[in-house]
Amino acid sequence: MNKEAIIKRKTAEKYSGRKLRNIYRNAAVFCAALLAAVLAGTAALGAEIEPYTATDFAMDTVVSETLYTSGSDLTPEIGRLLRETEEKYLSWTDESSEVFQINQAERQTVQISEELAGYLEKALKLAEDSGGAFDPTMGKVIRLWDIGGENPHVPDEEELKRCLEETGYENLDLDGETAAIKSGADLDLGAVGKGIGCDLVMDYLKEQEQVFGMILNLGGSSVAVYGEKPDQSPWRVAVRDPEDGDSGYLAAVTLKGGEFLSTSGNYEKYFMEDGKRYHHIIDPKTGYPVWNGLTSVTVICDSGLLADGLSTACFVLGREDAVPLLEMYHAEAAFVDEDYNIYLTPGMKDRFELMKNTYTIKEAAG
Ligand code: AMP
Ligand code: MG
């Protein structure tokens with residue numbers, strides 16, 4: 001066959017009936033897909049976005065949430081997710097939880113889930129980075145005080161000393177998906193639990209295409225913000241006034257979708273004795289509540305676990321020592337003290353709107 005004949009045959013093949021049918025079919029499929037995509041987009045844009053608001057109880061606290069979605073209400077699933085996380089991994093009282101099993105095993109190695117191994121890895125790193133101000137092995141010391149429990153009291157000094165000697169994050173051995181505590185200490189993830197809950201809800205929402213935005217608030221102390229509000233207005237979160245119990249607000253803080261806020265305060269769980277406030281944030285060095293003049297610390301960052309752990313760590317460290325830690329984690333903070341002063345890190349300044357004129361914003365922290 002000469003060159004001309006070859007070209008003719010190829011052209012004929014190229015535009016044969018079957019080939020043409022295929023081309024038309026493919027083009028039709030492509031157009032249909034495009035049309036479907038455009039219609040789906042239009043439908044999504046035109047769809048009603050419903051706000052769902054719910055109040056629930058999980059992780060030992062009141063959960064309040066507002067969800068903006070064009071689909072169904074997901075707030076029951078969110079409550080279930082939080083309760084399951086507590087039962088499966090974090091609870092120190094529930095026999096089915098992995099933390100409970102590690103504490104029961106007393107120095108023996110325990111097989112744990114990938115999930116708990118991930119939380120413990122982050123908690124250990126924060127313990128190291130904070131020089132032990134945040135310590136996830138404080139369980140026995142915390143139980144001795146029983147602050148927020150049935151019988152809160154100042155513990156016997158000798159007993160506290162003995163417990164403290166066994167305590168220390170360096171006793172927690174984490175190796176892949178196994179964990180053991182080499183001393184008599186117990187795990188307590190109370191300082192990061194609500195933050196872990198916020199992270200899980202955030203991950204869950206990322207998989208739900210119909211969800212536009214959500215604000216989740218665990219006990220007023222851990223908040224997660226996802227996506228946007230339908231009117232694009234900024235998310236604003238109220239921070240409690242430490243001197244005004246449950247009812248008063250100190251400030252409103254502006255958050256962007258994907259951010260987390262956590263507050264640690266001496267007003268959350270405490271008892272009074274001889275005019276002294278014994279609250280639930282314990283200095284791992286002394287075994288006693290932290291009395292450094294701070295009444296609350298609020299932290300913003302891009303992880304729930306870290307915002308929660310950092311607010312506890314920063315409360316223990318005090319304003320000046322906390323600043324390098326906050327910088328290490330690219331976090332922002334507000335420190336409130338008992339003299340009604342508020343110290344803000346540079347990135348917190350524009351987001352912090354004071355609501356009480358009894359307080360003064362001082363020079364920036366850091
Ligand atoms: P938060 O309210 O997030 O600051 O967490 C306080 C809770 O964490 C307490 O109720 C204890 O269960 C636990 N906790 C207290 N002090 C510490 C500490 N220094 N490090 C880690 N956990 C702590
Ligand atoms: Mg915390």
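# Strands, helices and a metal site

Me: In which sense do strand E3 (residues 110–111) and strand E5 (residues 178–181) pair, and over how many bridges?
Reply: Strands of a sheet pair through backbone hydrogen bonds, in either a parallel or an antiparallel way. Here E3 and E5 pair in the antiparallel sense, over 2 bridges. Strands (E, at least two residues) and helices (H or I, at least four) are DSSP runs numbered from the N terminus, and two strands pair if DSSP finds at least two bridges between them. Keep in mind that this is a predicted model, where local features need pLDDT of at least 70, side-chain atom pairs count only at 80 or more, and totals for chains, interfaces and linings use all residues. Residues are numbered from 1 along each chain as its sequence is written, chains are lettered from A and ligands numbered from 1 in the order written, and side-chain values use heavy atoms, without hydrogens or water.

Me: Which residue of E5 stands opposite Gln111?
Reply: Look for Thr178, the residue of E5 that faces Gln111. Thr178 also stands opposite Asp175. That brings in strand E4 (residues 172–175), which runs antiparallel to E5 and is joined to E5 by 4 bridges.

Me: How many residues lie between E4 and E5 in their hairpin?
Reply: There are 2 residues between E4 and E5. Gly176 sits in this turn, and its phi is positive, about 60°. You can find another positive phi, near 50°, at His330, which follows helix H10 (residues 319–328).

Me: What is the strand order in the open sheet of 9 strands?
Reply: Follow E1-E2-E6-E7-E10-E13-E14-E15-E17, and expect mixed pairing along the way. The edge strands are E1 and E17 (360–361), each of which pairs on one side only. Inside that order, strand E7 (residues 222–227) pairs with E10 in the antiparallel sense, over 3 bridges. One place to look is Val223, whose bridge partner in E10 is Leu261.

Me: Which residues coordinate the magnesium ion (ligand 2)?
Reply: To read a metal site, list its donors (N, O and S atoms within 2.8 Å of the metal, or 3.2 Å for Na, K and Ca); water is not among the atoms, so a site may look incomplete. For the magnesium ion (ligand 2), the list is Ala191 (O), Asp308 (O), Asp308 (OD) and Thr312 (OG1), at 2.1 to 2.5 Å. Along the chain, these donors follow the spacing A-x116-D-x3-T.

Me: Which residues of H10 are buried?
Reply: An α-helix has 3.6 residues a turn, so residues three or four places apart point the same way. In H10 the buried residues are Ala322, Val323, Leu325 and Leu326.

Me: What do the buried residues of H10 pack against?
Reply: Turn the model and look for helix H5 (114–129), strand E13 (294–301), H9 and strand E14 (332–337), which the buried residues of H10 pack against. Here contact means heavy atoms within 4.5 Å.

How values were computed:
Buried < 20%, exposed > 50% of the residue type's maximum accessible area, 1.4 Å probe, protein only.
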